[in-house]
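Colleague: Can you walk me through this model? I have a few quick questions.

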Amino acid sequence: MTVQDIRSFNRFYTNVIGALDYGRRLYAPYTLTESRVLYELAHAPRTDAADLRAQLHLDAGYLTRILNKFEEDGLVERGPSDTDPRRRRITLTAPGREAAALLDERARETVGAMLDTVRAEDRPRLAEAMRTVRTILGDGDGDGDGERGAPRPEDVVLREPAPGDLGWIVQRNAALYAAEYGFDADYEALVARIVADYGEDHDPNLERTWIAELDGRPVGCVMCVRDDTPGAARLRLLLVEPDARGLGIGDRLVGALVDFAREAGYREVVLWTNDILGSARRIYQRYGFVLVAEKPHHSFGQDLTGQDWRLDLHATQE
């Protein structure tokens, strides 16, 4: 390996990305940097300006000009940080989410078109080569042995479901709850009905699903659907894969859902869970959910205590 090898690869890769980005006007009407800011805001709903500067390695003045432009165009709102009053929290408005979603859709279509030119038998080799480059040059543990370091919270992105993700929600819920709590097939049937109802008929302005992604694979999810009670949203199917726990994924998923429910005009968020799910319950409590009822029941092959929780969005609004 020589310096020239890396420079040659860099020129080749730059040409490939340039053809993808600009040949198809992927970012129009935004610059590449503006698109990166929109992407980060769309996948980390509670981002502070200081976090954006660190994640994107941007000059503070440059980022401020971008955010000023976005605010003038109605794409973002700025307010006090939840954790540090000296910081400013940046959130996307509904038009901002639409702009970010359009860019994401264009990127998926563009990359998909490029992959269509790669033979199916070559794709695993291509994916492994990309992972190797990332591991050695960017994501490794720094000792040069090619082993990947521990995942970081900033490596996780929240996104909308892609084809196959709804099926993943059913499969992983069934498998994890069977392994961790002994739930039987009745639980899988319940999850399948919930997901099928959402997939067949949901209002994107009032209902949404989030997928947490790490290293290109889904590791968590949550769904926001309309409840039968007028003015209420229902949180359903919060899940985080065991090997991705400890990265704050559950907290981010619930935070994204609460922010969405408030912006969509809901009065409250409700949920039903069981008392054995202690980690999830602690997340709900941090966001201000209150236990309103509980009742023993026998379901999914287990003796359980069901719990109803409620979050008054008006009471918790900043």
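Predicted model: local features only at pLDDT ≥ 70, side-chain atom pairs only at ≥ 80, totals over all residues.

Colleague: At what angle do α2 and α3 pack?
Modeller: About 120°, with the axes of helix α2 (residues 32–43) and helix α3 (residues 49–56) 11 Å apart. Axes are lines fitted to C-alpha atoms, for helices over the stretch in contact, and angles run from 0 to 180 degrees between N-to-C directions. That makes α2 oblique to α3 (under 35 degrees is roughly parallel, over 145 roughly antiparallel, 65 to 115 roughly perpendicular, the rest oblique).

Colleague: Which residues make the contact?
Modeller: R36, V37, E40 and L41 from α2, and L52, Q55 and L56 from α3; contact means heavy atoms within 4.5 Å.

Colleague: Is T33 buried or exposed?
Modeller: T33 is buried, at a relative accessible area of 17% (buried is under 20%, exposed over 50%, partly exposed in between, with a 1.4 Å probe and protein chains only). T33 sits in helix α2. Leaving aside neighbours within four places in sequence, T33 touches L58, Y62 and I66.

Colleague: Now the sheet. What is the strand order?
Modeller: β1-β3-β2, an open sheet of 3 strands with antiparallel pairing. Strands are DSSP runs of E, at least two residues, and helices are runs of H or I, at least four, numbered from the N terminus. Two strands pair if DSSP finds at least two bridges between them.

Colleague: Which strands stand at the edges?
Modeller: β1 (47–48) and β2 (76–80); each has a single partner strand, so one side of each lacks a neighbour in the sheet.

Colleague: And what is the bridge partner of D48 in β3?
Modeller: R89.

Key
Residues numbered from 1 in each chain as written. Heavy atoms only, no water.
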